[in-house]
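Please read it alongside the sequence and the structure.

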Amino acid sequence: MFEAGTPRLFGLPPGVDFPRALVAGIKARMAGSPPEAMGRVTVYLNSARMQRRVEALFAAEGACILPRLRLVTNLGADFILPGLPPAVPALRRKLELTVLISRLLDKEPDLAPRSAIADLAESLAALLGEMQVEGVAPEKIADLDVSDFSAHWERTRQFLMIVAPFFANPETPDKDGRQRLLAEHLVTLWKAAAPAHPVIVAGSTGSRGTTALFMQAVAQLPQGAVVLPGVDPDMPQDIWDKLDDALTSEDHPQFRFRRLAERMGMHPKDIIPWTEDTPPDPARNKVVSLALRPAPVTDQWLVEGRNLQDLPKALSGLTLVEAKTPRQEAMALALMLREAAETGRKAALISPDRMLTRQVTAALARWKILPDDSAGIPLNQSPPGRFLRQISRLFCQRLGSDRLLALLKHPLTASAMARGDHLLLTRNLEIELRKKGPVFPEGADLIAWAMRQKEEAALGWATALAGVIDALETPGRLPLSAHVRRLRNLAERLARGPVPEGTGGLWEKKAGEEALAFMDNLEAEAGHGGDLTAGEFRDLFDDLIAAEEVREPLVPHPTISIWGTIEARVQGADLVLLAGLNDGVWPGLPPADPWLNRKMRQEAGLLLPERRIGLAAHDFQQAIAAPEVVLSRALRNAEAETVPSRWINRLVNLISGLPQADGPRALEEMRARGVRWLAMAAATDRPLASPPEALKPARRPAPRPPVAHRPDALSLTRVETLIRDPYAIYASKILRLEPMNSLKREPDARERGTIIHAVLEQFVRERPDGETREAAKERLLALTDALLEQSVPWPAERILWAARMRRAADHFLTVDEELGGETLRLESKGALVLSDLGFTLYGTPDRIDRLEDGTLHLMDYKTGSPPTKDQIASFSKQLHLAALLAEEGGFPGLGPQNVSQITYIGLGSGEKRMTVPLSQEDHQKTREGLAKLISSYRNRAQGYIARRAVMKEGFPGDFDHLARFGEWEMTDASCPEDVGDET
């Protein structure tokens with residue numbers, strides 16, 4: 001295949017369809033050879049996707065003998081090294097590292113939180129793999145001089161010595177170490193007996209030490225060659241010469257080729273073109289090459305920029321999309337892909353931003369376009385993955401009703417029984433939990449509920465669920481294998497539900513099969529994971545399952561693809577969309593390295609963080625050379641304004657600074673092409689000019705139901721609601737709607753108020769004669785603790801509310817001594833019939849005392865602040881109305897009484913109380929005001945206005961969503977409307 005002369009280093013420029021040119025070059029060099037000769041050619045490719053495309057290109061021209069296609073990342077597929085055992089599974093190595101790191105954190109707890117064990121193990125595994133790939137022995141780390149650094153780096157350097165046995169033991173090599181040994185063995189073997197058949201390495205940049213070592217050996221074989229992707233032919237020799245310092249050049253897209261050529265004793269300018277193929281737009285490639293010059297030599301823009309001509313023509317295939325938001329960016333990209341699908345063009349979206357690519361996929365779904373996504377979906381986002389993650393959290397804290405219902409509503413729960421029966425029972429249980437609780441249901445609660453149900457399946461269903469709940473006690477430290485068994489056992493029990501055998505749909509379909517394989521692997525290796533708490537197991541499990549992926553066996557669109565950045569080398573697309581081009585996304589920020597800093601890495605001979613940026617830059621340079629390219633970014637994300645990718649920045653700055661080549665106009669045209677798509681994206685989400693009535697913003701409601709259907713009885717507290725928010729009375733009393741309690745009951749002010757009222761009622765009811773102030777306070781606090789323990793299931797709130805009562809106790813006792821009298825009624829219900837209005841007023845004041853002068857004193861406890869004088873004058877009429885009940889004999893057994901004063905006692909922050917003396921004139925005003933209020937609503941013309949006089953605009957109402965508050969504002973006039981028939 002090749003003539004004399006080694007090493008052989010070939011290249012193809014950015015933009016050339018690399019697999020197609022590779023195949024064409026092989027066929028051209030094998031022309032004239034017998035067909036079977038092709039079977040003796042071995043080609044090592046950089047990725048499985050590249051391998052599939054090369055196979056397809058060979059097969060496209062008819063039946064032929066294929067070369068042997070292998071992956072450069074799997075040298076063991078062809079070579080067996082005697083005495084070299086199989087690689088240790090990556091999961092086992094990671095679990096072993098978690099044990100070591102856990103011990104480290106036991107001794108050095110300030111190094112990192114224990115929740116970071118899984119992440120630290122991941123980064124340490126990556127470091128060990130990199131050390132083996134780059135041929136850096138632990139001794140080199142030990143010899144690093146860290147005297148100028150902080151103590152942290154000395155501790156981590158010493159810790160790295162603990163992992164030295166992973167290098168020294170040849171019986172337990174990991175994947176990277178085994179690959180390095182194979183490469184070194186092949187180098188030795190080929191020096192002694194080089195293969196006579198052609199061997200080609202294609203598509204790899206040689207950025208990793210093992211791969212570079214193998215490529216170097218192949219290039220020196222008699223019939224060996226290396227074909228590099230995206231070698232820039234526009235780089236001047238002096239620029240190549242300046243790519244000699246990793247500290248300043250590692251982030252350049254061509255740095256790897258300079259380093260690889262050096263290893264082979266060559267200059268990058270000696271790289272031979274593999275074929276005569278030219279990129280789609282050489283003029284654009286020149287612009288991009290100049291824009292990506294290393295930072296120290298960007299002054300070349302002023303020199304070489306003069307050689308660029310007619311930039312509008314050179315950049316006519318580029319479109320720049322600068323969207324306002326990621327949503328707008330995703331919609332614009334989806335529209336471009338839709339047009340490509342309709343016109344039959346092959347299009348590829350390339351981005352490292354998986355959130356953005358999922359948004360684009362969702363947008364394409366509205367047109368029934370399913371792109372071929374090379375990444376699939378993470379296993380932890382699949383149904384079985386989510387199910388397992390939910391269950392792993394059940395061991396970490398007490399099971400609340402919200403998490404129980406979330407688990408029951410998962411499609412895999414009880415998937416072995418009839419789905420309709422399961423959903424019906426789940427709905428009925430949810431209604432019960434919302435109305436009555438308990439906050440933290442137990443197995444006995446579910447069985448008791450099931451026995452009250454009519455459905456035959458209820459008891460078996462609840463019994464199976466109760467068995468799962470009762471098995472959820474939070475353990476101490478357990479072996480990882482025990483945690484995995486518990487997780488799997490509970491998952492399978494929940495999945496089958498009341499059915500005695502099976503696992504339901506848990507392990508079915510592709511995602512279920514991948515989840516089962518993951519669990520089997522984890523069970524097999526769990527013996528190496530040590531002992532963990534439930535929280536540590538949850539964190540470890542989340543980290544492990546997040547690394548797995550699922551590719552569902554779907555039939556995607558034949559011409560629409562979503563690729564990762566490395567797949568830009570595969571090329572073959574007519575339209576390439578480079579999306580998410582913001583700094584921190586593309587290129588991404590280098591991950592934090594807790595083990596070695598930048599200087600230590602350089603001295604040890606490891607890769608610098610900029611390597612990732614350089615590889616991303618090479619992918620960008622490859623992709624932007626496609627026939628037609630779209631560069632897109634969002635100007636703002638959910639949190640703040642974004643910073644454009646450094647490559648976009650360089651390109652824009654270079655173009656705008658070349659007026660002699662018409663650069664500003666070229667940039668304006670690039671943006672204009674993007675604006676067209678942004679306008680289409682905006683139009684897609686724009687409301688209709690004349691929307692249907694149902695889509696128009698609602699007006700402030702004021703429904704006017706028939707008088708016969710209006711309430712003829714209200715409680716003391718609901719009268720204030722009628723004054724402030726009449727619509728709430730309409731919804732609750734006329735429509736008979738009730739607000740649904742939250743599934744996740746929080747210890748809110750209402751809950752606290754109920755408890756405090758119960759404490760004070762019992763305190764006053766059980767007051768012994770002659771009790772001293774000190775004894776009263778002690779009894780009050782003891783009652784508080786007892787009732788909190790009995791009625792409040794939240795430990796933190798029990799402590800907090802008890803502390804508040806301790807602060808308020810002296811204030812309450814002082815008010816009780818100064819204003820209290822003989823207590824006649826506690827939480828006693830009274831009622832008053834206003835016969836002239838056909839209306840009944842009823843209520844239950846907290847406390848009624850008889851004073852020494854024989855008059856009554858009514859009290860109301862407020863767990864917050866008591867109402868002000870102005871609020872009492874206009875809205876807070878609760879005690880005024882209660883006094884009216886007492887004046888007119890509304891409380892059974894008391895008869896008509898004279899009420900001389902009312903008091904609101906604040907038990908919140910600050911010692912506040914509001915006492916209002918009352919006279920007969922006040923009672924008469926209260927009666928007249930009540931009659932006027934009720935009479936007004938006896939008129940059909942009076943509507944129940946939404947939020948008529950709420951205390952604050954941000955005050956939440958139970959029925960705001962029904963009134964569609966937010967579509968109208970508090971300053972809007974109401975819209976009275978008759979509802980219902982008089983009949």
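Two strands pair if DSSP finds at least two bridges between them. Helices (H or I, at least four residues) and strands (E, at least two) are DSSP runs, numbered from the N terminus. This is a predicted model, in which local features need pLDDT of at least 70 and side-chain atom pairs count only at pLDDT 80 or more, while totals for chains, interfaces and linings use all residues. Residues are numbered from 1 along each chain as its sequence is written, and side-chain values use heavy atoms, leaving out hydrogens and water.

**Confidence**
- The mean pLDDT (the predictor's confidence in each residue, from 0 to 100) is 88 for the protein, and 99% of the residues score at least 70.
- Among the elements, β7 has the highest mean pLDDT (96) and helix α7 (residues 165-168) the lowest (69).

**Sheet**
- Six strands form an open sheet in the order β7-β16-β15-β8-β14-β9, with parallel pairing.
- β7 (318-323) and β9 (372-373) are the edge strands, each pairing on one side only.
- Strands β15 (residues 575-578) and β16 (residues 628-634) run parallel and are joined by four bridges; V630 in β16 is the bridge partner of L577.
- Helix α17 (residues 354-365) packs on the sheet and touches β8 (347-350), β9 and β14 (560-563), where contact means heavy atoms within 4.5 Å.
- The direction of α17 makes about 165° with that of β14; axes are lines fitted to C-alpha atoms, for helices over the stretch in contact, and angles run from 0 to 180 degrees between N-to-C directions.

**Helix pair**
- Helix α36 (residues 878-887) packs against helix α37 (residues 920-936) at about 105°, with the axes 10 Å apart.
- α36 and α37 are therefore roughly perpendicular to each other (65 to 115 degrees).
- H880, L881, A883, L884 and E887 of α36 make the contact with Q920, H923, T926, R927 and L930 of α37.

How values were computed: Angles under 35 degrees count as roughly parallel, over 145 as roughly antiparallel, 65 to 115 as roughly perpendicular and the rest as oblique.
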